[in-house]
Structure formats: C-alpha cells, structure tokens
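Hi everyone, thanks for coming. Let me put the structure up, and then I'll walk you through it.

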Amino acid sequence: MEFRCIPQALGEALHDWSGDTLAIGVFGGTDGTLSTPWQEDLDTWLGTDLLQALGDRGFKGKAGECRSLERLGQQPRTLVAVGLGEPENLDLGALRSASAAAASAAAAARAEHLALALPTANLNGAAAAGALAEAVRLSLYQDQRFRSEAEPLTPPRTIALLGLPAGADAGLEGLGARCAGVELARQLVAAPPNIATPEHLAETAAGIASTFGLELKVLERSDCEALGMGAYLGVAQGSDLPPKFIHLTYRPAGAVQRRVALVGKGVTFDSGGYNLKTAGSQIEMMKYDMGGSAAVLGAARSIAELKPSGVEMHVIVAACENMISGGAIHPGDILTAANGKTIEVNNTDAEGRLTLADALHYACGLEPDAVIDLATLTGACVIALGEEMAGLWSNNDGLAGALRAAGSAGGEDLWIMPLRSSYKAGLKSPVADLKNTGPRPGGSITAALFLQDFVTKGLPWAHLDIAGTVWSDKGRGQDPAGATGFGVRTLVNWVLAGAPLGPAS
Ligand code: BES
Ligand code: MN
Ligand code: ZN
C-alpha cells in the first residue's frame, strides 16, 4: 500500500486522479440532511447530484454508515459513501472509523487505486492525514499464517488522500514503521501458545535488536535466581518451558533528555495454575495474556526504526507460562520477590502481578524518569470498562494526562482509574508482607495497588490494564477482528512526543 496526499483543491485533484474507487465522506445532520464541503466539485465531476442519489437510497450519513455504488463502465467504477455523523462531532476517532469502513468496502470491491475524500473540518491536517492512512492500513491487516490455504484479500495498491490542506503529508511520515509495530503486536498476540512461547518472545526481541541495532539482554532462569526474582520464577516453575527475562534497550543518537522503562506482562499462556480457570473464564483465549509484552515489543519495533532523539527506552518482559505440574506453585505458597517482600500466593491465577513485581523492581533499578507497565491483568477491568477503553492507574497526574493524550491521538482510549490506597487493606496477609489477591470488588484496583508496592516511591509510574482491549471478537474501527495491537500507538506517540510527564506546552 502506497499513500500520498494530493494537496490541490478537490475539483482539480479529481481531475488529475484516475483510480478505480473513490470514497467520499458525507455528513448527516439530525434532521437527515446530507452535506459535504465539496458538493459542487463532486457533482460537476460525477455529472449527477450525489447527495440526492444517496438520500434516495436511504443513506443517512450516520457515523459508521457505509454504502458502495457500482458504476458499470465508468471511471471510477466504484463510489463508496461513508457517513461522518454531524460536522461538529468530527474528531480524529470518527475519521479513523470512517476511513477504516471505506477501506474495507473498497477492498471488498477489489479496488486497486483508491482515493479518499474525507472532509477534516478544522482538525490538524497532518494529524488527519496520519489518522486516515493509519486506519486504512491497520484495518486491512490480515493474518493468514496459520491456514494451509491462505485466501488473502488484496488491498489497494495506491491510496490518494484528497482535499487535505497543504502540508498534511507530514502526517504520513513514519507511517510504515508505526503500523509495523502494531502489526507485530497483533501477530504476537494472535499466535497460539504453542508458537508464542517465552523463547519466541525472546527471539522476537533478538530480531528487533539485530535488525535495528538495539541492545538486548536475555536473563535465563539462573540469572533471575541470582537476582532473587522469586515471584516471577514462582509463576514460571510450573511450566516445562524455560522463562526468559527480556531487556531490550534503545539509545538515541545525541543527548538523552528522558529515560523511560516500558514493562509488559508476558504470560504466554495462563491456565490459572492450581486455581485452574474454569468454564466461561476464557481459558482457550489465554494466549493473549502476553498482550502487554506484545505492546512493548511492538513499540520497540516502531521506535527502533523511527529513531527519535532524546529518549532512551528500556523494554522489559518477564516472560513465562502459568501452568500446572508437580513442580507448580501451590495456592498458599509464600514467595520472596527481588525487592525482599514476601508474598502469600492465595490465588495462583493472579500470576501476572507476580511476574510484574520482579519486572517493575528491575525496571526501577535502571533509575528511569518514568515507568509504564501494560498488562492483561484483571477480568475485573474488563467488567468495569469493556473492550473500548483500557484502565489507567498512575501515581503522577501529568504522566497520566500525557498518556491519555498520546492514546487518543492514536485511537486508543484510556480511562483514569483510582489508585485508592485504603483498598490496600484487602491485600493484607496473616502470614506474609502481602497476599497477591484481594477481594473481588475493586479487583483491578487492588491489582494496581499490588504493583505499586514494587515501584520505587515517588518515581512516576503508570499501569495500563489492557485485559479488555487486547482482543476484539468483532473488530472495531481501525482494528479488524482478533488481536488489536492495543498499546503500541499510545506508547509510540508518547515516546515520539519526548516522553512528557505533563500536558504538551
Ligand atoms: N490473565 C488474567 C486476566 C484476564 C482475564 C485477562 C480475562 C483477560 C480476560 C489474570 O491473570 C487473571 O487470571 N486474573 C484474575 C485475578 C483474580 C484471581 C484475582 C481474574 O481477573 O480473575
Ligand atoms: Mn491469571
Ligand atoms: Zn494472566
């Protein structure tokens, strides 16, 4: 897929363009009136009253609505109308959804040369161009790796973005690298647990390191033992597969302004352990329990290629499986984490926080300016927020705000959740420093509070619970059904912005 912006006025741009499929964004008012800022240009060029024709066919211009009109023997042979809702509600998210819908319709019509004419109102031109193009590419992503006979849908070869202001093409810069990171994350998450093993994650990190010149350290079980990572190794001990503790480092050319650590939960399969997951607990989907690690590795892949200045980035994954065997931890075991704290494992299914405890302590030992962890940590977060928003907990309001902004620019929504310290009482253990599982109510909050115990006091830290957003059964906006690659866009935007700890100034 090759993207370009055509910065002329729409009438001229259409005159010079000779593709086969044109997608047009159409606003729809509450009273059912259709509108586009280019009505005259379009009508002249098409030789018909387009909005009238759409209205006659019951098109309302609602956000998400999409209608293909085939024109036999004419150029372009396919018109795709996409609804944009009311003009005053247009934002980058609505543009992304409309662009994705148009792309799917165009691909279904076997478009080869597609043009998108979506009005961007007073949105920033470059941001709009980036969002439109990213949505096309990411929504047409297909994964046929595990079929013996692939039936891929061929995406359009060229995509022209029409009607954008001059300079909008700056938004296409780095598009390939950004999308490749999301796609890598999707591939890792979608791969089954017999393929995406801890070793596979380490090999993926090695691939990124050698392709783009990053530093990689992989700690083996014995190395982790030497560092006292009893919480992480406790989870790993029930599996026949060796744990891999991955530490990938990106160092920018020139001066370092910010040092950040990104930690991802990398449980490549979560059976629950002896607190075995039961029917209805989605045990067959627990390949996606490494979604946090996929997000940080995907971000590493993007950043490694984009090579931003000023930010040194550490990507950390304590990868392992949560399995059952004669050697697995028992419910009730007491583990000692690398920071010396003892943990009563009252539930072996709360394993993510055990792996993250040692990973966060390791990350803090690097003395970064900020630590962010991403994890498919709790079913409680899915119940609270559903699949459209990840939960965000932070000890630093500036960092939380900056992450929300980075996320929303990429079409990933984060919802700020409370780090309510009184709930820590729920993690009191009668025998150890703390237990790993609190009461069911507020389960995603006690999980976050547990993690906070392993983060250096005062160090800006944010925790993203992506349990609901890592996977979409039906697909949504720019994410087709399956693994979403959630988190990569947020992290990449944040790092590219210089890893701010406050609002953009
Ligand atoms: N990986 C799960 C969380 C999860 C559940 C992710 C559903 C995606 C969908 C995590 O390890 C887990 O099992 N959490 C338990 C914690 C409980 C035992 C306190 C949960 O949420 O039920
Ligand atoms: Mn679990
Ligand atoms: Zn888990």
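I'll start with the ground rules, then go to the metal site, and finish with some helix packing.

This is a predicted model, where local features need pLDDT of at least 70, side-chain atom pairs count only at pLDDT 80 or more, and totals for chains, interfaces and linings use all residues. Residues are numbered from 1 along each chain as its sequence is written, chains are lettered from A and ligands numbered from 1 in the order written, and side-chain values use heavy atoms, with hydrogens and water left out.

So, the metal site. Which protein donors does the manganese ion (ligand 2) have? They are Asp270 (OD), Asp349 (O), Asp349 (OD) and Glu351 (OE), at 2.0 to 2.2 Å. Donors here are N, O and S atoms within 2.8 Å of the metal (3.2 Å for Na, K and Ca), and as water is not among the atoms, sites may look incomplete. The spacing of the donor residues in sequence is D-x78-D-x1-E. Around this ion, the 6 donor atoms subtend angles of 72 to 169°, so the arrangement is irregular. For reference, four donors are tetrahedral if all angles lie between 85 and 135 degrees; four are square planar and six octahedral if opposite donors are over 155 degrees apart and all others between 65 and 115; anything else is irregular.

Asp270 also coordinates the zinc ion (ligand 3), which is 3.2 Å from the manganese ion (ligand 2). Asp270 sits in strand E10 (residues 256-270) and Glu351 in the loop between strand E13 (342-344) and helix H11 (352-365), so the pair ties together parts 81 residues apart in sequence. Helices (H or I, at least four residues) and strands (E, at least two) are DSSP runs, numbered from the N terminus.

Now the helices. H7 (residues 198-212) and H10 (residues 291-306) pack at about 10°, with axes 10 Å apart. Axes are lines fitted to C-alpha atoms, for helices over the stretch in contact, and angles run from 0 to 180 degrees between N-to-C directions. H7 and H10 are therefore roughly parallel (under 35 degrees; over 145 is roughly antiparallel, 65 to 115 roughly perpendicular, and the rest oblique). Leu201, Ala205, Ile208 and Phe212 of H7 meet H10 residues including Leu297 and Ala304, where contact means heavy atoms within 4.5 Å.

Finally, the axes of H4 (residues 92-108) and H5 (residues 125-139) come within 8 Å and cross at roughly 40°, so this pair is oblique.
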